[in-house]
Amino acid sequence: MTIQTKNTTITVSMPGEKNAPDALAEGEFVAYASTWTRTPDSYGDVVAKGAFSQSLKAWEKSGDPIPLLYDHNDSDPDYNIGYVKSAIEDDHGLRIVGSLDIEDNDKARQVYRLLKARRIRQMSFAYSVEEQAPVKAKDGATANELRRVNLYEVSVVPMGANQDTSIENVKHMGQRIEWKQADAIARKALDDYDSGEIRRQATDAHKRFRTEDAVRKSLGIDDIDGSYRSQLKALGGEDRLNEYRDTLADGGHLTIEQAENLRRIVTVKALQDNADEKARTMQRMLGAAPRNTTQTDYLYNPDTNEYVKRNTIMPNTKGHLDLRSFIKNAPAAAIATSQRYQEKGLVPNGQTLVEIPIVNTVPIAGDIDAEIPPRLLDYIPAIRREVPVYAIIREVTPDEPGSASVVAPGEEKPVRKLGLERVEQSLKVVAVLTEPLDKYVVQDYVNVQDWLGPRLGSIVFDAIENEIINGDGNGTHFTGLNHIQGIQSQEWNANMFDTIAAGCSKLENIGVAPTLIALNPADWLTVQTYRDAEGRYYMSNVIDPAARTMWGHQIVAVPGLAKGTGWVIGANTLTLSTDGVQTVEWDTSLGFTRNQVQARAEGRYNLDVLKPHGLVKLALTATGK
């Protein structure tokens, strides 16, 4: 069973209004905790009339009161601020009478003061769903109708979602004349604006709602239409705001209407301030972009938290791919993208480009934060390609290559065939789509970093490495090691040590320096624990397990390599081509019924074989081929 909460915005009636009920005792208030409006709330839900009936009967039968909490905090007794004195379903919604423990609970007394001062205007209730179904909403869109729910508690909260419910009245002592009411409204509005509180509320409203209409309505200014600038102009703008300030500063008073107008002015101005800041941020991120340029032409720079034009972050075009940077930069880029829309986690649908830098560090060390040990990808030289189709020069061994020699005066010089050929190559798309995840999981930055970082990154790297080893060259696949023509092979030779040494010797015999020895992790373990006839490990004179070397040559443990098969890779034999960019996209199109999100990572790579004879395939078992 999943317990959920649903917030509702409430409007506090000021004391002394003619419709104030006399039956309320001190500390009591009347409110609609839910309404039957057919306009979906910010979660896409509508509530059916009668949804609470069975739960209310169960509460009545139990004899227990429905708890009244502050902000759903059920772990602290002080936040249990009262109880629901009565709850009925009428033609408008779920109408409750709340009773606050103002005699012996400081928290309840504070909430009561905030309610009377109109500084808290929202409610929420906790529930679990017994029955729900999709329906057509008032605007024709599809909504999720809650038809039967279990009610667990009602809360007074700082921020709500349903704009139709209201607190009907709060009982309080004494009457206040109108100018004091207006003064309280006006000074509260100015204090909130000057302190940045209204901007915070506006930012939070943007997190919850997707349209300006919903944002305005959530902040109590739904009776004004048009853009923020036109709204400010209609309300009198900053001139009117300064006029109100001067009146209050000089000891004068505003009417209720003027105070409400002041509240609207500062609220709209806060919205406009947010919009202006977002525009400045986008301009800073994108710089002086040419017309019709989109964000996809730019890359996220984690060092400055900005977007810059592609290929300006890391000018290196040749070296080794720093794939671990994706582990840290992908979540940062996704979060930076979402923060432009004031989201706490990921926006519902988005895309960002992450540059995979090419660095000169060899070898690239393992990263404990990225949870990735050194792997084959780290040691294959990489080159950035500016276009997806390119050409390489491949060296093959001619049957009769010839050689250089001493030449006597007047004699013909010998020819040495280099065996070079031009081969056209193209970058291949390597992509991964994650399984659906609960969308609420990725509303937290820590989870975003874990999900888009080590997990998604590792899957991408595994896919690339698998293509390097097993790609068959058909269609959009790499031509991997197991399908390269013109390689050398080394059969089993007494033991693994002798076999690997013989493979290295084959390269040295043709003038190619061995640079890498690729082994399955199980074979690498066998090598590390091998003993001679007297039971002595070979580590002291052959193997350095810490540096992962064997006779000074780098060992790489490759999980995707078949056990019993190894490779000796010579210098200048392989390169990994890439456009240097990884695209990360996420989407919540699975809809209301699932509340799930998927992500895709995609990049373009290819394995270039420059010297097939610089590769030696090792048979590391007596029956290996």
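Leaving aside its neighbours within four places in sequence, which residues is Leu100 in contact with? I looked this up first.

**Entry 1: the model.** I am working with a predicted model, in which local features need pLDDT of at least 70 and side-chain atom pairs count only at pLDDT 80 or more, while totals for chains, interfaces and linings use all residues. Residues are numbered from 1 along each chain as its sequence is written, and side-chain values use heavy atoms, with hydrogens and water left out.

**Entry 2: Leu100.** I counted a contact as heavy atoms within 4.5 Å. With the neighbours within four places set aside, Leu100 touches Gly27, Phe29, Leu68, Ile81, Gly82, Ala108, Tyr112 and Leu115.

**Entry 3: the cores.** I took a nonpolar core to be a set of buried Ala, Val, Leu, Ile, Met, Phe, Trp, Tyr and Cys residues joined through side-chain atoms within 4.5 Å. Buried means under 20% relative accessible area, exposed over 50%, and partly exposed in between (1.4 Å probe, protein chains only). The largest nonpolar core has 32 residues, and Leu100 is one of those with the most contacts inside it, as are Phe29 and Phe52. Among the elements that each supply at least two residues of this core are strand S2 (28-35), helix H1 (53-62) and strand S6 (93-100). Another core, of 31 residues, lies apart from it and includes Leu321 and Ile569.

**Entry 4: the whole chain.** I noted 13 helices and 28 strands in the protein chain. These are DSSP runs numbered from the N terminus: helices are H or I of at least four residues, strands E of at least two. Of the 625 residues, 46% are buried.

**Entry 5: salt bridges.** I used this cut-off: a side-chain nitrogen of Lys or Arg within 4 Å of a carboxyl oxygen of Asp or Glu. The whole structure holds 12 salt bridges.

I looked at Asp106 and Arg109, whose side chains meet in one of 2.0 Å, N to O. Both lie in helix H2, three residues apart, about one turn of the helix. Asp106 is exposed at 57% relative accessible area, and Arg109 is partly exposed at 26%.

Next I checked Glu130 and Arg148, which form a salt bridge of 3.9 Å, N to O. Glu130 is in strand S7 and Arg148 in strand S8, so the pair ties together parts that are 18 residues apart in sequence.

Arg604 is in strand S27 and Asp579 in strand S26, 25 residues apart. Arg604 is partly exposed at 31%, whereas Asp579 is buried at 10%.
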